[in-house]
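Let's walk through this structure together, one packing arrangement at a time. Have the sequence and the 3D view ready.

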Amino acid sequence: MRPSPMLEHFAEELRVARTAAEMSQANLAEAINYSTALIGKIEQCERRPGLDLARRCDAVLGTGGLFERIQRRLHRDSFITWFQEWAAIEAEAIALRWYEPLFVPGLLQTEAYARAVLSGSGLLIADELEQQVANRLARQEILTQPKPPLFTAVIDESVLRRAIGGPELMREQLDHLVRLGTSLPRLRIHVVPFSAGAYAGLNGPFVIATPPSGGDLVYEEGQLHGQIYDRDEDVKAAVQKWESIRGEALTQQQSIELIRQVARTWS
């Protein structure tokens, strides 16, 4: 399968800038604290560059943000058409409020869990599956960037107990949630326990994003495609639903302890 034009563009510009700076692949790798093998794979269009790598290349090679701009375009273009707009909104948001009754939110998934979820339908061929897994993992970089969004995730307890990919995979995923919830200061994870019974969130997942300019946006993903809502009345209804769901959830500390307890059952 031929690499995307934007990936080829990134690779070409990297070779040009590196050569102009009289740096070998090994020199550049050492300067940006990445492996020489990775630089080689990127220049051969065998690996996609992450945002952090692109920014470091700009800083070392003095390219004024060129590689970051190409990487952001490459990142957007790799998504299926109807998701591209939301991916751009998500990447720039200063706050994200995400509710999920079925799966671990995509930004918090391990690679193995993401692959198990995406392969569950049986509708993706191997290349498509790996591309979507790579896209999902690349999106997670926003959580560890210098100025990450304030991210609040509320999940149903059933997410912790639904067997996705087997016990070992589930133990790894729940341990990952605990690590994220206890190490990232701008990340909050809350669980709605089974004892809540029927509540507003059981109708389906949604995300509320706050862009830098203000004015919340809401994203809902259905069986066929996703929908972005920006009308005041729709956003207001989503915020009210979010507040109702959040009110049913355990505190952060209680939620992390519950996740730890359930993780021990996956053995």
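Which handedness does the crossing of α7 and α8 have, left-handed or right-handed? Before answering, keep in mind that this is a predicted model. Helix α7 covers residues 111-119 and helix α8 covers residues 126-139. Their axes lie 10 Å apart, and the two helices pack at an angle of about 135 degrees. Angles over 145 degrees would count as roughly antiparallel and those from 65 to 115 as roughly perpendicular, so α7 and α8 are oblique to each other. As for the handedness, the crossing of α7 and α8 is right-handed.

From α7, the contact draws on E111, A114, R115, V117, L118 and S119, while α8 brings L129, E130, Q132, V133, R136 and L137.

Strands of a sheet pair through backbone hydrogen bonds, either parallel or antiparallel. Here, 6 strands form an open sheet with mixed pairing, in the order β3-β2-β1-β4-β5-β6. Because β3 (187-192) and β6 (226-229) stand at the edges with a single partner strand each, one side of each is left without a neighbour in the sheet. On average, neighbouring strands are turned by 15 degrees against each other, direction ignored.

You can find V218 opposite Y229 of β6. Finally, helix α11 (residues 232-248) packs on the sheet and touches β1, β2, β3, β4, β5 and β6. The direction of α11 makes about 110 degrees with that of β4 (206-210).

Conventions:
Residues are numbered from 1 along each chain as its sequence is written. This is a predicted model: local features need pLDDT of at least 70, side-chain atom pairs count only at pLDDT 80 or more; totals for chains, interfaces and linings use all residues. Side-chain values use heavy atoms; hydrogens and water are left out. Two strands pair if DSSP finds at least two bridges between them. Helices (H or I, at least four residues) and strands (E, at least two) are DSSP runs, numbered from the N terminus. Axes are lines fitted to C-alpha atoms, for helices over the stretch in contact, and angles run from 0 to 180 degrees between N-to-C directions. Contact means heavy atoms within 4.5 Å. Angles under 35 degrees count as roughly parallel, over 145 as roughly antiparallel, 65 to 115 as roughly perpendicular and the rest as oblique. A crossing is left-handed if the near helix is turned anticlockwise from the far one by less than a right angle, and right-handed if clockwise.
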